[in-house]
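Q: Please take a close look at one part of this model, the surroundings of the ligand. Which parts of the protein are found there, and how are they arranged?

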Amino acid sequence: MFRKILVANRGEIALRVICACKELGIATVAVYSEPDRNSLHVRFADEAVCIGPARSSESYLNIPQVISAAEITNVDAIHPGYGFLSENANFAQVCEASEITFIGPRPDTLELMGEKDRARREMKAAGLPTVPGSDATIEGEEQLAKEAARIGYPLILKASAGGGGRGMRVVRSQEELLVAYQTARSEAQQAFGTPDVYAERFLEHPRHIEFQVLGDRHGRVIHLGERECSIQRRHQKLVEESPSPIIDARRRRELGARVVRALEKIGYTNAGTVEFLMDADGSFYFIEMNTRIQVEHPVTEMVTGVDLVKAQIRIAAGEKLEDAAGPLDFSGHSIECRINAEDPDTFAPSAGRITTFQLPGGTGVRVDSAAYADAVIPPYYDSLVAKLIVHGRDRHEAIGRMRRALEMFVIEGIKTSIPLHRRIFADPDFAAGHLDTHFIERLVGNGK
Ligand code: ADP
């Protein structure tokens with residue numbers, strides 16, 4: 001097992017990884033940017049190294065800085081969390097070359113899944129259904145016209161290197177096609193450094209359903225059930241739950257087995273998430289794979305009893321799945337709300353000093369957060385302030401628990417998405433499990 005791990009991240013996920021290390025008896029090193037000096041991940045790590053100024057490109061994304069912090073503190077592994085360097089194949093390679101274990105999949109897997117059009121191809125070849133679309137990136141107007149005619153409208157143009165809900169454009173008719181293509185390419189270039197885009201059929205009212213997987217270094221892959229993440233704003237998840245209210249045991253078994261087979265074929269290792277859209281007619285389509293721990297991993301932990309971050313570390317240390325994850329003990333229902341520092345009506349970010357931070361607690365309530373009263377939410381990073389997670393014997397109990405926990409969660413000094421979450425949990429469609437990715441648009445549109 002590792003002696004010491006550097007956590008190349010900030011906020012709640014850095015703290016989450018530090019918790020896992022403490023439980024495993026592994027020493028920790030935090031890295032931080034100048035404005036993060038007083039953060040909890042810095043306070044609770046055994047050592048901390050400042051790696052640069054506020055800008056992510058000069059600190060949390062600065063590979064030489066992170067690697068030298070790891071070398072100075074003599075760690076034997078790096079956990080990248082999510083975002084930042086977590087899916088960066090080059091970073092994973094540099095870690096390997098520096099004889100530091102990267103806690104995640106192999107660099108070639110990161111590379112494969114980082115190119116979303118290539119991931120689609122490979123997963124299709126490995127037996128997963130994909131949304132009808134172009135098999136590769138679209139090069140030029142001629143190919144664009146051909147693909148659009150084949151796919152039909154509406155279609156969606158997606159950045160090959162995309163992520164975080166960015167770099168997507170819905171095209172409803174041929175008249176919009178060329179301008180949308182040009183805009184999508186320049187947006188992709190701006191955001192991800194490459195203009196490559198591909199096209200898929202746009203599903204009108206899909207549900208987002210994803211499978212959590214773990215693969216060990218001995219060729220075995222398991223799935224830990226699904227999460228439903230259909231409650232989204234701007235293609236970004238806001239509420240996640242496990243199990244999905246629409247998936248029955250047979251469907252879970254069938255899809256889960258296909259996911260496992262596909263990932264065993266490519267020799268997948270460590271934690272990952274295979275994302276699907278489910279069409280109104282019940283068909284499932286692979287859209288992408290995330291090769292890291294996800295923001296919404298706690299709901300899976302709550303219903304399986306597996307500590308996913310500890311499992312990641314133990315797998316990276318070479319343990320077999322049966323030891324790294326232990327037995328799966330599916331029970332009950334779990335839901336997570338992402339509490340963001342943002343205006344609940346306009347979704348505009350709301351940075352600033354937190355004056356009151358009153359946490360809910362009690363049976364079946366978990367909060368993953370690095371915030372506290374008097375902490376400053378800087379404007380430079382992700383707006384996530386806290387994840388409020390509940391567990392109940394069934395979905396009904398979990399919803400009741402979330403309602404009261406949201407009522408008792410008080411954050412003052414900044415705006416948060418808590419009022420929007422209260423509306424979601426008061427909504428009869430949500431309670432009935434009638435979900436799709438346009439739920440929030442309907443709620444906000446109708447509610448005002
Ligand atoms: P990202 O990598 O940016 O998260 P994804 O490919 O995972 O992008 O898609 C994010 C969300 O965008 C999905 O959960 C869904 O709401 C929407 N979306 C993506 N592809 C489609 C599609 N073909 N049809 C309808 N909605 C889509």
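A: What follows describes the ligand and its contacts, and then the sheets whose strands take part.

The model is a predicted one. There are 22 residues around the ligand, and K158, G165, H208, Q232 and E288 come nearest. By class, this shell has 7 nonpolar, 8 polar and 7 charged residues.

Several atom pairs can be named. The side chain of K116 has an N or O atom 3.0 Å from an oxygen atom of the ligand. For E275, too, an N or O atom of the side chain is 3.0 Å from a ligand oxygen atom. With L203 the backbone takes part: one of its N or O atoms lies 2.9 Å from a nitrogen atom of the ligand. Taken alone, the ligand exposes 550 Å², of which the protein buries 95%. The elements that give two or more residues to the shell are β6, β8, β12 (270-278) and β13 (284-290).

Strands β6 and β8 belong to an open sheet of 3 strands, in the order β7-β6-β8, with antiparallel pairing. The edges are held by β7 (168-171) and β8 (197-201); each has a single partner strand, so one side of each is left without a neighbour in the sheet. From one strand to the next, the twist averages 25°. Strand β6 covers residues 155-159 and pairs with β7 in the antiparallel sense over 4 bridges. K158, listed above among the residues that come nearest to the ligand, has M168 in β7 as its bridge partner.

Helix α6 (residues 116-125) lies across β6 and β8 and runs at about 50° to β8. Helix α8 (residues 174-192) lies across β6, β7 and β8, at about 175° to β7.

Strands β12 and β13 belong to another open sheet, of 8 strands, with the order β13-β12-β9-β10-β11-β14-β19-β17 and antiparallel pairing. Here β13 and β17 (365-369) stand at the edges with a single partner strand each, so one side of each has no neighbour in the sheet. The twist in this sheet averages 25° from one strand to the next.

Further along that order, strand β14 (residues 333-340) and strand β19 (residues 384-392) run antiparallel and are joined by 8 bridges. One of the bridge pairs is S334 with H391 in β19. Helix α13 (residues 395-407) lies across β11 (236-242), β14, β17 and β19, running at about 140° to β19.

Terms used
Residues are numbered from 1 along each chain as its sequence is written. This is a predicted model: local features need pLDDT of at least 70, side-chain atom pairs count only at pLDDT 80 or more; totals for chains, interfaces and linings use all residues. Side-chain values use heavy atoms; hydrogens and water are left out. Two strands pair if DSSP finds at least two bridges between them. Axes are lines fitted to C-alpha atoms, for helices over the stretch in contact, and angles run from 0 to 180 degrees between N-to-C directions. Contact means heavy atoms within 4.5 Å. A residue is near a molecule or strand if one of its heavy atoms lies within 4 Å of it. A polar contact is a pair of N or O atoms within 3.5 Å; within protein, one must be able to donate a hydrogen and the other to accept it, and residues adjacent in sequence count only if both atoms are side-chain atoms. Accessible areas come from the Shrake-Rupley method with a 1.4 Å probe; for residues, only the protein chains shown count as cover. Ala, Val, Leu, Ile, Met, Phe, Trp, Tyr, Cys and Pro count as nonpolar, Asp, Glu, Lys and Arg as charged, and the others, Gly among them, as polar.
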